[in-house]
Each structure stands twice: as C-alpha cells, then as structure tokens.
Amino acid sequence: MRSLAQSNRRRRLSPFGSSRNRAARAGLLFLAPAVLGVAALVFWPLVQAVWQSMHKTPSGFSSASEFVGFANYIDIVSGNSFFFLIVNSFAWTLFVVVGQNVMGFLFALAFNARWQLSGILRAIIILPWVLPGVVAAVLWRFMYDPQLGLISSVLERLFGPELGRSQFLADTNTALAAVIVAAIWKGFPFAFLIYLAGLQNVDRSQVEAATMDGARFPRIVLSVIIPSMRPVIALTLLLTAIFTFNYFDMIWVMTKGGPLNSTHIFPTFIFQTGFGQFNFEMAAAYGVLAFALLLILLVPYLRHSLKSERDED
Amino acid sequence: MRTRNIRAAALLAVGALALAACTSAASEGEDAGSGSGDTAPPAEQVTITWWDNQQTDSGLSEYQQIAVDRFMAENPDVVVEVETIPYPEYQQRLQLAVQGGNSPTVATVDQIWTAGLAARGNIISLDEYVAASGSVKRDNFFAGAWDSAVVDGQAFGVPFNVDVWQFTFYNEDLLLAADVDPQSLTTWDGLEAAGAALTGDGQFGIGLFGHLGEDTVVVMDSFIFSNEGEVLDSAGKCALNQPASVEALEYLAGLQQYAPAGVLNNSSGEMRELFLNGSLATEFWPALEQPTLQDSDINWGFVAGTAPAGKTPVGTYGGWNLSMFTDATDAERDAAWRFIEFITSPEVNGDVVDLLPANIEAAKAFVEANREGPEVILEHLNNAKPRPLSENYLELSTIQNEMFQSILNGTDAQSAADTACVAIDGL
C-alpha cells in the first residue's frame with residue numbers, strides 16, 4: 001500500500017498540476033459566469049450610483065453634471081428629511097420584522113402538528129405572500145377607506161360613527177402604524193414557511209424528554225424549540241429585515257410617503273427624489289446612505305456567522 | 001475560509017441590490033428607444049421616434065397610427081416609429097431613456113417637466129423652427145399652453161394637448177334635493193353654502209382632496225389664481241405667503257369640513273368613486289372627466305371654477321408639449337419638426353389627443369363634437385394660467401403640496417406659507 005506522503009508527492013509532480021489546483025481552477029471557471037453577471041448587474045451599477053451621488057447638474061441649459069464631492073451628502077445630513085427618514089425607516093423595519101417573525105413563528109407552531117384541514121389552511125395562509133405587493137396595498141388602502149372600507153364599517157358597527165370614520169392613512173399619528181399592519185399581514189407567511197421547515201429539524205426526543213419532565217408548552221418553546229432553531233431564526237430575521245428596509249410598493253401605493261412625510265422611508269423617498277423631482281444625483285446619495293445603513297444591519301449577522309464557522313473549524 | 005468569503009460577498013450583493021435599484025440603469029430604457037443617433041437609416045430616409053403617453057382607454061393609438069401613416073405617405077423620406085406608453089409609467093420610462101442617452105427624437109413632455117429638461121440640456125430650443133414656420137405660431141394655440149413651453153424667452157416645446165383644472169362637476173339630483181343653484185358653485189360663498197347644504201347623512205358636499213399629488217397642487221393653484229394670487233411672482237420669488245394666496249389657502253382648507261374624511265390621503269380618483277356612487281355632490285376635475293360621466297348613470301352638470309364674488313374663475317393648465325431631444329441629428333430634427341407641424345395642425349390635432357387639442361381651431365371643433373358645454377370649456381381654457389415655469393418646479397410642487405397638507409392638518413395658513421416660501425426661495 002502506498003503511503004500518503006508518496007501519494008502527495010506524485011500529485012505535486014504531475015505535469016498537469018495537482019488535482020487540488022485543477023479542482024480550484026475548474027471551480028473558478030464554473031463560478032466565472034455568475035461572478036461576471038453579479039459584477040455587471042450589481043456591483044457596476046453600485047459604483048455608478050456612488051459616482052453619480054458625487055455630482056450635481058448645474059442650472060442653465062447644460063447637461064454636463066459637475067463633480068461636487070460629498071456636498072450632496074452634507075446637504076442630506078444637514079437637511080430636515082434625513083432625521084425623519086432614519087426614524088421612520090428604523091421604526092418601520094423594527095415593527096414589521098418583529099411582527100412578521102412573531103406571527104410567522106406562532107402560526108408555524110400551530111401548524112406544525114397535522115390536524116384536520118391544516119393542509120388547506122396552510123395554503124390559505126401563504127396567499128398574502130403570493131399576492132403582488134401593489135394588489136395587497138390597494139386592498140388595504142380600500143379596507144382603510146373611511147367611507148367605503150371594511151375596517152371603517154366594522155369599527156362603526158362596534159363603536160359608532162366617530163371611530164368608524166377613522167382616517168388611519170390620512171392621520172400623521174396613525175398612518176405609519178396602519179401601513180406596518182398591512183406589511184406584517186403581507187409578509188408574515190415567508191417567516192411562517194421558514195419556521196415551519198425549521199420545526200421539522202427540532203429533535204423530537206428533546207421535546208418528549210421535556211414533556212415527560214413535566215414542562216408545559218410555553219416552557220418547551222422557550223427552552224427547547226427556540227434554542228434549537230436559533231440559526232434559522234437569525235437568518236429569517238436578517239432576511240426579513242433586508243426585505244422590509246427595502247420595501248417600496250406597499251407604502252407608495254397606500255400613502256406615497258404622506259401625510260406630511262409620516263410614512264416616508266428610504267426607498268419611497270429615493271423614488272420621489274429621483275423620479276418625482278428628476279434629481280437623480282441626490283437620489284443616488286440617499287441610496288448610498290441607505291446601503292450603508294443596511295450594512296450596519298448585516299454586520300452583527302456577519303460577525304456571528306464568521307464566529308460560528310471559526311468555532312466549527 | 002472560502003465559504004466565509006463567499007457568504008460575505010453574497011450578503012454584500014443582497015445589500016447592493018437595494019442601491020443598484022436606485023441608480024439610473026440605462027439598460028432599462030434601451031428596449032423603449034431606438035437610439036436615434038445610432039440607427040443607420042436607409043438612403044434618403046430619416047427615421048424618427050415619437051413617444052407619447054395615453055391617459056384614457058380611448059383607442060387613441062389607432063387614431064395616432066392613422067395620422068402617422070398619412071404623414072409618412074405625404075413625407076416619404078421620413079419614417080416615424082411611435083411608442084405609446086401608459087401614463088403611469090411614462091415619466092419613468094422617459095427619464096430613464098434620457099439618463100441613458102436613449103431619448104426619442106420627439107416626445108410629448110408634461111408642461112411641468114419642460115423647464116427642468118430645458119435647464120439640463122435634454123431638449124432643444126425650437127425658436128429657429130418656430131420663426132421659420134408658417135403654421136406653428138403662438139396665436140394659433142391657447143396662450144397659457146404656449147407659455148408653458150417658454151423658458152427664459154425661448155420655446156422648448158409646441159403645445160400638443162391641454163386641459164384645465166378645475167371644473168366643478170355636480171350631481172344635479174343632489175343639488176335639486178338640497179335646493180342649491182348650480183351657478184352658485186362659481187363663487188366662494190356659494191360653494192361654501194352648497195357644501196353646508198349638501199353634507200350630512202353619509203353624503204358629502206365638496207370633493208376636496210389633499211394627497212401628495214399634482215392634482216392637489218393644480219386645484220390649489222386655481223383657487224389662488226382665482227383670488228388674483230400667485231405661486232411665484234414676476235421676479236421668480238415665492239408669493240404663496242402674500243395676502244391673496246393665503247386667503248385662498250385659508251378658504252380652501254375651510255372646505256375640509258364638507259369633504260369626505262381622510263382628505264390628506266384622498267385623491268381626485270377617490271373623489272370620482274364617491275361621486276359616481278352618489279355619495280358626493282361635487283367633484284373637482286378637468287374636462288377630461290366628461291367621457292367617464294357620460295358613461296355613468298349620474299345626472300350631472302358642471303361649472304367652470306370658483307372665485308370670490310366679482311372675480312373671474314381662473315383655471316390651471318395641465319397638458320403636454322412636443323419637445324425635441326438633444327441626441328437627435330440635424331436631419332432627424334428637421335424631419336421631427338415637419339412631424340410636429342403636422343400633428344399640431346387644425347386638421348390633425350383633434351384626432352390624435354385624449355385631452356383637448358392645444359391648437360385653438362382644432363379645440364373648437366373637438367369640444368363642439370365631443371364635450372358638453374363647449375363654450376364654458378373654451379372660456380375657461382382662455383382664462384387659465386400655467387403652473388410656475390421653474391426648472392425646480394417638481395421640488396417646488398412637493399413643497400407646496402406639503403404646505404397644503406400642513407394647513408389641512410391645522411397649521412396656520414400664513415405660517416405654513418411663510419415656511420414654504422423659505423424652502424422654495426432656497427431651491
């Protein structure tokens with residue numbers, strides 16, 4: 001039998017290079033189309049956006065934009081809009097992510113066991129997620145309508161005409177909450193599906209052992225199920241946070257960022273600045289800032305996953 | 001280690017997508033434009049592209065194609081490629097094309113985009129063409145519409161279609177039941193009294209709306225103009241905080257009590273729904289609303305605008321101009337100009353628009369054949385004024401819109417207008 005050392009020597013001496021190198025080269029070749037695609041479609045526009053954000057189109061019949069460095073960023077940070085955008089964006093992201101994940105997890109727990117009609121109900125639960133965002137937004141806008149909406153008519157029956165005529169989307173105090181509720185409804189099935197899949201991997205013997213030890217269901221959830229699903233929960237939180245931070249259609253269709261900017265978040269404001277006011281340079285600057293903020297959201301996860309892999313190694 | 005790097009790169013890519021979405025991707029405009037400068041035309045033939053948008057489901061494209069075919073038969077050296085784009089996506093498509101260097105040769109451009117596009121060098125001055133033209137003259141078009149395309153004394157567009165905000169459409173049955181004279185709606189006092197008489201029991205008197213949208217701004221402007229106020233004065237300074245404008249804003253905000261709940265998020269579209277289901281007695285719309293009402297069961301009528309007693313209602317122009325883009329060659333521009341002269345001529349203009357023709361002669365024939373009360377419409381068109389000709393109009397409009405929302409939300413009109421003027425003068 002050849003020793004491992006002999007075998008390695010033979011590999012190194014091969015005129016075609018080592019098999020590991022060949023495998024690495026093949027891997028790179030296979031990856032190349034995807035890398036080029038991502039570079040062309042994602043990183044190049046990203047670089048363009050950063051470059052564009054450092055320009056300004058001057059007045060006076062000229063199409064040539066001037067390089068202004070960080071002037072657009074300084075204007076943004078020193079202006080009024082930045083503060084409310086930060087507050088709205090984080091409030092929106094926090095409440096929608098928490099709402100979607102809590103609802104998704106609770107529904108996943110309820111539908112983890114098979115019971116009568118659970119299959120049909122699972123399909124029904126997924127429906128909001130399948131609906132196009134614009135359609136869902138129009139539905140909710142109609143439901144909130146003070147004159148014709150379902151919510152208004154139910155409230156009117158329950159509490160009388162005063163509350164029934166509530167102007168949820170037209171009141172600066174309630175508009176953001178109203179769109180958050182709609183977004184939770186629209187997006188929670190995504191978390192539900194992932195948690196339902198994650199629950200299949202929870203060690204049943206641990207759940208049974210906890211049951212035999214007399215633990216009640218809430219204790220089992222807190223002490224057995226959630227710890228077992230920690231990686232799934234972390235990933236779902238991260239993904240829903242990214243999706244939510246970048247969400248556009250629901251808010252745009254329901255309120256266009258109003259009233260009085262009370263529901264503007266970065267994507268809606270970027271759209272309004274770029275396409276509503278033709279100010280693409282400033283829109284790009286807002287986009288770069290939004291990207292930077294999103295990276296902050298990613299950092300804890302990246303650090304956590306790097307640490308996990310180091311531990312595994 | 002490799003896995004970690006790939007994962008980090010993948011996550012960065014996910015984040016980067018968010019940013020990439022907001023940059024002006026030239027590729028998106030490519031399918032819509034033919035890149036007029038790049039296409040090699042057949043010998044002796046020039047190909048031009050015309051972009052237009054469609055606001056109503058009126059089968060307009062078919063009529064436009066007939067007109068284009070006629071033009072090409074009369075001008076065999078020109079090929080016109082027509083791109084008709086639905087109104088909601090027109091602005092984005094055109095902007096992306098302009099940003100990506102794929103602009104059409106000629107396009108219908110919203111009156112309020114003209115100054116901005118001219119200032120950025122995206123469209124060209126048509127002064128030389130106008131000076132040499134026998135048919136495209138200011139006198140042949142509604143004055144306010146012509147002026148909407150004049151920036152710093154130069155014409156950057158030729159009026160194509162127009163309409164005017166606002167006409168007050170009313171439900172004749174509801175007014176009769178409340179003993180309200182329709183003509184009383186033309187005065188501020190009359191409109192307010194009608195609002196009071198028509199509101200109650202799930203019914204609303206006045207279709208006031210205040211969402212973030214240009215329809216809110218044009219209605220606001222017409223009340224300001226009708227009180228002899230201005231948005232910008234002759235020096236280009238904000239005049240919203242001047243007494244006449246503030247008085248109009250206070251009056252308009254006072255109508256909120258007669259409007260359906262949720263004014264700050266309501267649009268003209270929502271008011272139309274309530275008007276059509278019979279729960280709203282009056283709505284503010286341009287003449288464009290007539291075909292919708294003609295198809296409904298509502299017994300309706302309309303009056304032109306509303307002004308304080310003794311003053312004339314002045315409307316706000318809406319509509320589109322035909323502009324030529326910078327990317328075109330001289331031969332394409334010459335061909336495009338011939339095409340502009342053709343489709344704005346009295347014989348053709350009425351067949352190719354879904355608002356009202358901007359050519360006066362064509363408009364007269366059009367409203368007499370297709371609209372109720374043609375004389376009322378024509379008089380209001382002649383009185384109307386364009387929105388401010390500012391290269392920053394779109395930002396100005398947003399500020400004005402937010403000012404109105406603030407007033408509707410309870411802020412004192414003078415103070416809200418003062419704040420808005422500081423922002424507008426700082427643009």
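Predicted model: local features only at pLDDT ≥ 70, side-chain atom pairs only at ≥ 80, totals over all residues.

Colleague: Into which domains is chain B divided?

Modeller: A domain may be assembled from separate stretches of sequence, and that is the case here. Domain 1 of chain B comprises 45–162 + 318–383, and domain 2 comprises 167–314 + 392–425. Taken over C-alpha atoms, their centres are 29 Å apart.

Colleague: How many residues of domain 1 of chain B are in contact with domain 2 of chain B?

Modeller: There are 15 on the domain 1 side, facing 14 residues of domain 2 of chain B. On the domain 1 side, α5 (111–119) and α16 (374–383) of chain B each supply at least two residues. The largest share, five residues, belongs to α16(B). By class, this side of domain 1 of chain B holds six nonpolar, six polar and three charged residues.

Colleague: Turning to strand β3 of chain B, why is it described as largely enclosed?

Modeller: One counts the buried residues, a residue being buried if 20 or more other C-beta atoms lie within 10 Å of its own. In β3(B), residues 106–110, five of the five are buried, so the strand is largely enclosed by the rest of the structure. On one side lie V106(B), T108(B) and D110(B), and on the other A107(B) and V109(B).

Colleague: Which strands are joined to β3(B) by bridges?

Modeller: Strand β1 (residues 46–54) of chain B runs parallel to β3(B), joined by two bridges, and W51(B) stands opposite A107(B). Strand β10 (residues 316–324) of chain B runs antiparallel to β3(B), with five bridges; here S323(B) is the residue opposite A107(B).

How values were computed
Residues numbered from 1 in each chain as written. Chains lettered and ligands numbered in written order. Domains from an automatic or database assignment. Contact = placed C-beta atoms within 7 Å. Helix = DSSP H or I, 4+ residues; strand = E, 2+ residues; numbered from the N terminus. Nonpolar A, V, L, I, M, F, W, Y, C, P; charged D, E, K, R; others polar. Buried ≥ 20, exposed ≤ 12 C-beta atoms within 10 Å, placed from the backbone. Pairing = 2+ DSSP bridges.
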